[in-house]
Amino acid sequence: AVPVKQEDGVEIWMKKLLDGSIAVGLFYTGENSVEEAFVWDQEVKQRQIQISWDELGIKGALSVRDVWRQQEHRGTKEYLQATVPYHGVVLLKITPPK
């Protein structure tokens, strides 16, 4: 996988798969403050992560599936968006039309 975006406690990685689909991982690593390092598990945190299809280099109609939840994931025509728990990841498989 290669990094697409890394900023403000968010990392987005992607990898092209052998079947022509693309895996995209949305990671919320936190703000990396000293305070967060000691109290991160005492509060439920999450973050809305969004990236445009252009930033991913993807065009056209797509099928997006959440790998962990085993269900279709909704995106929009302009961007991909997901709520990611603190120190968590949302893993998506994006499949172009055949």
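Two bridges join strand S5 (residues 63-66) to S6, and the two strands run antiparallel. Within this pairing, Arg65 has Glu72 of S6 as its bridge partner. Strands here are DSSP runs of E with at least two residues, helices are runs of H or I with at least four, and both are numbered from the N terminus. Two strands count as paired if DSSP finds at least two bridges between them. The model is a predicted one: local features need pLDDT of at least 70, side-chain atom pairs count only at pLDDT 80 or more, and totals for chains, interfaces and linings use all residues. Residues are numbered from 1 along each chain as its sequence is written, and side-chain values use heavy atoms, with hydrogens and water left out.

S5 and S6 belong to an open sheet of six strands. The order is S1-S2-S3-S8-S5-S6, with antiparallel pairing. S1 and strand S6 (71-72) stand at the edges. Each has a single partner strand, so one side of each is left without a neighbour in the sheet. In total, the protein has two helices and eight strands. From the N terminus on, the elements run β-β-β-α-β-α-β-β-β-β.

Salt bridges were assigned where a side-chain nitrogen of Lys or Arg lies within 4 Å of a carboxyl oxygen of Asp or Glu. The count by this rule is six. One of them pairs Lys5 with Glu7, at 3.9 Å from N to O. Lys5 also forms a salt bridge with Glu55, where the closest N and O atoms are 3.9 Å apart. Glu55 lies in helix H2 (residues 53-56) and Lys5 in strand S1 (residues 2-7), so this pair ties together parts that are 50 residues apart in sequence. A further salt bridge links Lys93 and Asp19 at 3.1 Å, N to O. Lys93 is in strand S8 (residues 88-95), and Asp19 is in the loop between strand S2 (10-16) and strand S3 (22-28), so the pair ties together parts that are 74 residues apart in sequence. Through shared partners, salt bridges join Lys5, Glu7 and Glu55 into one network.

Several of these residues are partly exposed, a class between buried (under 20% relative accessible area) and exposed (over 50%), with a 1.4 Å probe and protein chains only. Glu7 is partly exposed at 45% relative accessibility. Glu55 is partly exposed at 44%, and Lys93 is partly exposed at 30%. Of the 98 residues of the protein, 30% count as buried.
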